[in-house]
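Q: Could you walk me through this one? I'd like to begin with the charged side chains and then move on to the overall fold.

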Amino acid sequence: MAAMLIGGLLGGGWVRQRGVAIPRELLAALGSLQGGGMGSRERMKSEVFRPSHSLPTMTIEEAGEIEYQELVERTAREAGRKMQREREEALMTRDEIDDAELAKKRAWDEFTDDNPFGAGNNKLRPCS
């Protein structure tokens, strides 16, 4: 009885493989995933004139335009920071400016005390 039911279903879009009924659309999709439905000879033939390197995704002009836009944005940010710094310095009194310079010099002095010259990573010498 079950064989008759499956036999009736196999009429239109079903294929029987290894005793199991499988829809034709599913078999076609699986075939395209495995090898595109073509044999190794056809696949090799289609790949003969394919470049061995990855091709560029944009032209040199497009890359130049992107870099130019980044340059414009970067210069605008730098100009904004410079104006902000100048405004802050204009609002500072002479005592505040002297205190800021002294703090900067002290910070540098502490850094040079903690990090003497030549005390970096010396274990990565190429020929020692």
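Q: What does D98 form a salt bridge with?
A: In this predicted model, D98 forms a salt bridge with R94, and their closest N and O atoms are 3.4 Å apart; the term stands for a side-chain nitrogen of Lys or Arg within 4 Å of a carboxyl oxygen of Asp or Glu. Local features need pLDDT of at least 70, side-chain atom pairs count only at pLDDT 80 or more, and totals for chains, interfaces and linings use all residues. Residues are numbered from 1 along each chain as its sequence is written, and side-chain values use heavy atoms, with hydrogens and water left out.

Q: Where do D98 and R94 lie?
A: Both are in helix α5, 4 residues apart, which is about one turn of the helix; helices (H or I, at least four residues) and strands (E, at least two) are DSSP runs, numbered from the N terminus.

Q: How many salt bridges does a search of the whole structure find?
A: That search finds 1 salt bridge.

Q: Which residues form the negative surface patch?
A: D109, E110, D113 and D114 form it. Patches are made of residues with over 30% relative accessible area and no salt bridge, like charges being joined within 9 Å and nonpolar side chains (Val, Leu, Ile, Met, Phe, Trp, Tyr) within 5 Å. D109 is found in helix α5, residues 94–114, and is partly exposed at 43%.

Q: And which residues gather in the patch of positive charge?
A: R74, R77, R81, K82 and R85 gather there on the surface. R74 belongs to helix α4, residues 60–91, and counts as partly exposed at 38% relative accessibility.

Q: Switching to the fold, what pattern does the chain follow?
A: Along the sequence the pattern is α-β-β-α-α-α-α, with 5 helices and 2 strands in the chain.

Q: In which sense do the strands β1 and β2 pair?
A: Strand β1 (residues 14–17) and strand β2 (residues 20–23) pair in the antiparallel sense over 4 bridges, where pairing requires that DSSP finds at least two bridges between two strands. The bridge partner of W14 in β2 is P23. The two strands form a hairpin with 2 residues between them, and R18 in the turn has a positive phi of about 50°.

Technical notes
Accessible areas come from the Shrake-Rupley method with a 1.4 Å probe; for residues, only the protein chains shown count as cover. Lys and Arg count as positive and Asp and Glu as negative; His and the chain ends are not counted. The place of a charge is taken as NZ of Lys, CZ of Arg, CG of Asp or CD of Glu. Buried means under 20% relative accessible area, exposed over 50%, partly exposed in between (1.4 Å probe, protein chains only).
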